[in-house]
Amino acid sequence: MATTEAEEAAKRVQYPLDSSSYKLLNEIGAGVSAVVYKALCIPMNSTAVAIKSIDLDRSRLDLDDVRREAKTLSLLSHPNILKAHCSFTVDRRLWVVMPFMAAGSLQSIISHSFPNGLIEPCIAVVLKDSLNALSYLHAQGHLHRDIKAGNILVDSNGQVKLADFGVSASIYESTCSSLKFTDVAGTPYWMAPEVIHSHTGYSFKADIWSFGITALELAHGRPPLSHLPPSKSMMLKITKRFRFSDFDKYRKGNGKKFSKAFKDMVASCLDQDPSKRPTADKLLKHPFFKNCKGSECLVKNVLQGLPSVEKRYKESKVCSVHEDGEKGGDNDGDGDDDDPSVQGKQRRISGWNFNEEGLELEPVFPNDEVKEVRFGGETVVQQTGEHVVNREGMLATLNVLKGSLEQELWQVKFLVSTIQGEETHHQVQVVGGDHSEEQEISRLRAELENERRKNTQLELQLHTCKLHLSSLSTSK
Ligand SMILES: Nc1ncnc2c1ncn2[C@@H]1O[C@H](COP(=O)(O)OP(=O)(O)OP(=O)(O)O)[C@@H](O)[C@H]1O
């Protein structure tokens, strides 16, 4: 029987809202702008809790949004949704106090003990529980917007809960019309195409795409393209400059076999067209979830013998320190940006197709011809078809270049006229005849000649630049 809001509130125990009531034990995880601790709540019989401490200066979260979201989420209640006990600020940090989920996130489990992914029956348990949470969330008008294994937590008894509503949003509070969002939220590898190209707007189906990517993550041990850095530059790479060599690295896979039902279920989530992706409710009825086992499957095959979340986190930190030491100073993580041997392999990608056979995403390359143009010392990818790559960006760069060339031209002209003026002045003086002055005059003449040559070159460059601009504007 469903409990009423009042009954729920009465059952809820109020956790203390001051940091001194909590004893921090160990770090158990860290995200982009947060650290997660295992802690004890002293006034509550030292109950174990997890505290996510978010650095508000580094986070994209706005405190008012967090408060509003926390209020809305406090009204949600579902066995597969992890609800925070409370949250409060400590200096410039937001502390979110949550139930401690002893096995940590699926991401921390697979990265430590299942680098090639989980077995299919366990994937089904995790996905079905997460889908139950998602279906409830969507029915309440909420988008999660950050579905991934790192946000699916497991308790010691195999209970699965969807967590981290940091970027979640209520469709009813959206200021956008037609129940669509346009802000880019979430984590790049899991983001739906319509979220990346956010001008088209996105809605519930963006969560379904991320759910499909999470299924691949649980199956392969990592999401597609995770060998690329998760930054904006990665977004550029996957949409415009993804390399064949990188794709080949990813294609190798791990030789695991998956059922037809699983591949079909994932394929339906990863349809390029959001309207063709199933709703969470419909997905729950997919044959893949028909004979799904219970949490005991996770206890037996995943949790048994698994080191504690704090131990796993400690080990992962040691490993990453070693790896960083070995890698050296590579800025974006892929290490070969400046390698001329790979520059020729760059090609733009217009979308992604799910390859059911290989259980992976495959890039879709546009048919039209792509040519590389060298301009201002940079290689610009130019396309002859209808989707010209980042035309606005290129026009902006050319305009800046044109501006700076005009300025330089003006400076050279000024210099030339100044020197010409000095030359006349010197000619007047030379009447008296002085050897050192003659030398000075020929030096100035040489300088003047030099500046004239430069001037001609700049005028030529400016002319080329103008031609480029007008050809781009007319083709637009
Ligand atoms: N309530 C919890 N109980 C137990 N472990 C937790 C809990 N919350 C988080 N963790 C652990 O801390 C790790 C980091 O959590 P966090 O939510 O900061 O990471 P993330 O979701 O991977 O990163 P981000 O949200 O910044 O993208 C998780 O992977 C998980 O192992």
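Author: A polar contact is a pair of N or O atoms within 3.5 Å; within protein, one must be able to donate a hydrogen and the other to accept it, and residues adjacent in sequence count only if both atoms are side-chain atoms. The model is predicted: local features need pLDDT of at least 70 and side-chain atom pairs pLDDT 80 or more, whereas totals for chains, interfaces and linings use all residues. Residues are numbered from 1 along each chain as its sequence is written, and side-chain values use heavy atoms, with hydrogens and water left out.

Reader: Which backbone oxygen atoms lie by the side chain of histidine 144?

Author: The backbone oxygen of alanine 163 is 2.8 Å from a polar atom of that side chain. For the backbone oxygen of aspartate 164, the distance to a polar atom of the histidine 144 side chain is 3.1 Å.

Reader: Is histidine 144 buried or exposed?

Author: Buried means under 20% relative accessible area, exposed over 50%, and partly exposed in between (1.4 Å probe, protein chains only). Histidine 144 has a relative accessible area of 0%, so it is buried. Its place is the loop between strand E7 (142–143) and E8.

Reader: How many helices and strands are there in the protein chain?

Author: Helices (H or I, at least four residues) and strands (E, at least two) are DSSP runs, numbered from the N terminus. The protein chain has 15 helices and 14 strands. Of its 476 residues, 45% count as buried.

Reader: Which residues have the most contacts inside the largest nonpolar core?

Author: In soluble globular proteins, nonpolar side chains tend to be buried together. A nonpolar core is a set of buried Ala, Val, Leu, Ile, Met, Phe, Trp, Tyr and Cys residues joined through side-chain atoms within 4.5 Å. The largest one here has 57 residues, and Leu106, Leu127, Phe262 and Met265 have the most contacts inside it. Among the elements that give two or more residues to this core are helix H3 (106–113), helix H4 (120–139), helix H6 (204–220) and helix H9 (260–269). H4 provides the largest share, eleven residues. Domain 1 (18–99) and domain 2 (104–325 + 340–394) both contribute residues, so this core lies between them; the domain bounds come from an automatic or database domain assignment. A second, separate core has 16 residues, including Ala50, Leu56, Val66 and Leu82.

Reader: What does leucine 106 touch?

Author: Setting aside residues up to four places away in sequence, leucine 106 touches Leu118, Val126, Ala149, Ile152, Val154 and Leu218.

Reader: How many residues surround the ligand, and which are the closest?

Author: A residue is near a molecule or strand if one of its heavy atoms lies within 4 Å of it. The ligand is surrounded by 22 residues, the closest being Lys52, Ser105, Lys148, Asn151 and Asp164. A nitrogen atom of the ligand lies 3.0 Å from a backbone N or O atom of proline 99. An N or O atom in the side chain of lysine 148 is 2.6 Å from an oxygen atom of the ligand, and a polar side-chain atom of aspartate 164 lies 2.9 Å from an oxygen atom of the ligand. On its own the ligand has 610 Å² of accessible area, of which the protein covers 90%. Strand E1 (22–30), strand E3 (47–55), strand E5 (93–99) and strand E6 (104–105) are the elements that give two or more residues to the shell. E1 gives the largest share, three residues.

Reader: With which residues is glutamate 310 in contact?

Author: Apart from its neighbours within four places in sequence, glutamate 310 is in contact with Asn26, Glu27, Ile28, Lys38 and Phe100. The side chains of glutamate 310 and lysine 38 make a polar contact (3.4 Å). Glutamate 310 is in helix H12 (residues 309–327) and counts as buried, at 18% relative accessibility.

Reader: Where is cysteine 292 found?

Author: Cysteine 292 is in the loop between H10 and H11. Its relative accessible area is 22%, so it is partly exposed. Cysteine 292 and alanine 124 are 168 residues apart along the chain, yet their C-alpha atoms are separated by 6.1 Å.

Note on methods:
Contact = heavy atoms within 4.5 Å. Areas by Shrake-Rupley, 256 points an atom, 1.4 Å probe, with all protein chains shown as cover.
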